[in-house]
Amino acid sequence: TWQISTSPEAATTLAPLREAAQLLRTSDIPVAFPTETVYGLGADATRSAAVRGIYAAKGRPSDNPLIVHVCDLDMLRGFVDPAEGIPEIYRELVRRFWPGPLTILLRCPRADNNASTTSSSHPLSRRMLAPEVTAGLPTFGARMPASPLARTLIQLAGTPLAAPSANASTKPSPTAASHVLDDLDGHIELILDGGNCDVGVESTVVDGLCEDGGPPLVLRPGGVSMEELRSVPGWEGVVKGYRDESEEGKKGAPGPRAPGMKYKHYSPKAKVVLFETRSGRGIEDVRAEMGLLEEEKGGVVGIIRTLGWRKLSGDEQQGEEIVREKAIVEDAETNGHSTLGYDISTSTIGKARVLDIGLGQQTKMVAQGLFSALRELDRRGADVVFVEGIEDRDDIAAAVMNRLRKAASEIRA
Ligand code: TXA
Ligand code: MG
């Protein structure tokens, strides 16, 4: 696997992007690239062999459709039904949030419809998305990423890029080039390194087609919040079209969940226990759990704090020897130019080693650091990770809690 750095100086030269674009046009092995949300694993969306390469590299089930990334509206117009264009309901939405972390569902043009169009003056309109992109669905998801690097890459490739998140299937999404390398080394040839992702969670997926006459839907919460969507004409009545894990019965009695309930998504190797915030329970439960672990086997305990939990201090663990090695986690593999915005302190409680990460007070920082923190704790051998949830509001917190509920094998009220 080659890793091409786009440091501030290097970003002024297009050479790495040209090389990546050339691979995208000619190879069937996907290319990893940064977006403002997470890293994507891209392939020419019009070539079946190339798109199949994505599913192969990720180990992704082929019935899960991919998002089509475009650099501008002209490129997108070449792939929608020429008679329909981009539906009116999306006009203001796209004006407000593109380029940005928003994915809209569009109808796929029917093959016969497209072929019968006399569009010799618009050669693009005769190109079709590979059927593998949509996994057989009559719609496709489209997104124009905010990352200039991503848009330039798409422009140079001259074709829309089908791209899921560039993680191995079931792992947390990658927010740094090193995360992609950890998961996909040996399966891909090139990663464009654009440093850490700004948003940290994936795009919001919306369906404004309202095929059943219902209101527009959010299919996946993400970088654009419900609150922001509602402020757009035609989207005042947008509703949640997804269900969180906690609403599906994961909410746990203490103790291991039934093995059959194990959900595999955004999952590190460690067991993740999520504490929802409203109950007022919190660090005491974590400490009780740690006590157990310490007595029984002396494992490695990860803690991800957000807003409320205090850092465990020497005073709270009377008599125990505390090792306070405070480390700024630096992305060593990416030339050190990207420093993650949180730190880890390490302490020892009895036989247990405790790795304590504070993601910061602001929801934006929690979103930015979440996937990276889960990966960092895995790298350091955590057996269990206790995560302090945040209040599930109509902002990006909804996306954070959605991902955490999926990652968790246990949820405490
Ligand atoms: O931020 C993002 O969206 C990132 C970056 C790389 O752009 N991409 C991403 O892709 O998260 P992926 O494949 O990991 O997630 C795509 C989501 C899935 O939940 C998929 O089911 C949904 O979008 N999706 C795609 N096409 C769809 C369609 N036609 N109908 C319903 N859902 C669709
Ligand atoms: Mg994904």
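The model is predicted, so local features need pLDDT of at least 70 and side-chain atom pairs count only at pLDDT 80 or more, while totals for chains, interfaces and linings use all residues. Residues are numbered from 1 along each chain as its sequence is written, and side-chain values use heavy atoms, leaving out hydrogens and water.

**Asp207**
- You'll find Asp207 in strand E9, residues 204–207 (strands are DSSP runs of at least two residues, numbered from the N terminus).
- Asp207 is buried (under 20% relative accessible area, with a 1.4 Å probe and protein chains only).
- Asp207 has no salt bridge (a side-chain nitrogen of Lys or Arg within 4 Å of a carboxyl oxygen of Asp or Glu); Arg107, the nearest side chain of opposite charge, is 7.2 Å away.
- A polar atom of the Asp207 side chain lies 2.9 Å from the backbone nitrogen of Leu209.

**Thr35**
- Thr35 sits in the loop between strand E2 (31–33) and strand E3 (40–44), and is buried at 5% relative accessible area.
- The side chain of Thr35 has a polar atom 2.7 Å from the backbone oxygen of Val38.
- Leaving aside residues up to four places away in sequence, Thr35 touches Arg143, Pro145, Ser147, Ala150 and Cys197 (contact means heavy atoms within 4.5 Å).

**Cysteines**
- Cys197 is buried, with a relative accessible area of 6%.
- Cys210 counts as partly exposed at 22% (partly exposed lies between the under-20% buried class and the over-50% exposed class).
- The whole structure has 0 disulfides (pairs of cysteine sulfur atoms within 2.5 Å).

Conventions
Chains lettered and ligands numbered in written order. Helix = DSSP H or I, 4+ residues; strand = E, 2+ residues; numbered from the N terminus. Lys, Arg positive; Asp, Glu negative; His and termini not counted. Polar contact = N/O pair within 3.5 Å; in protein donor to acceptor, adjacent residues only side chain to side chain.
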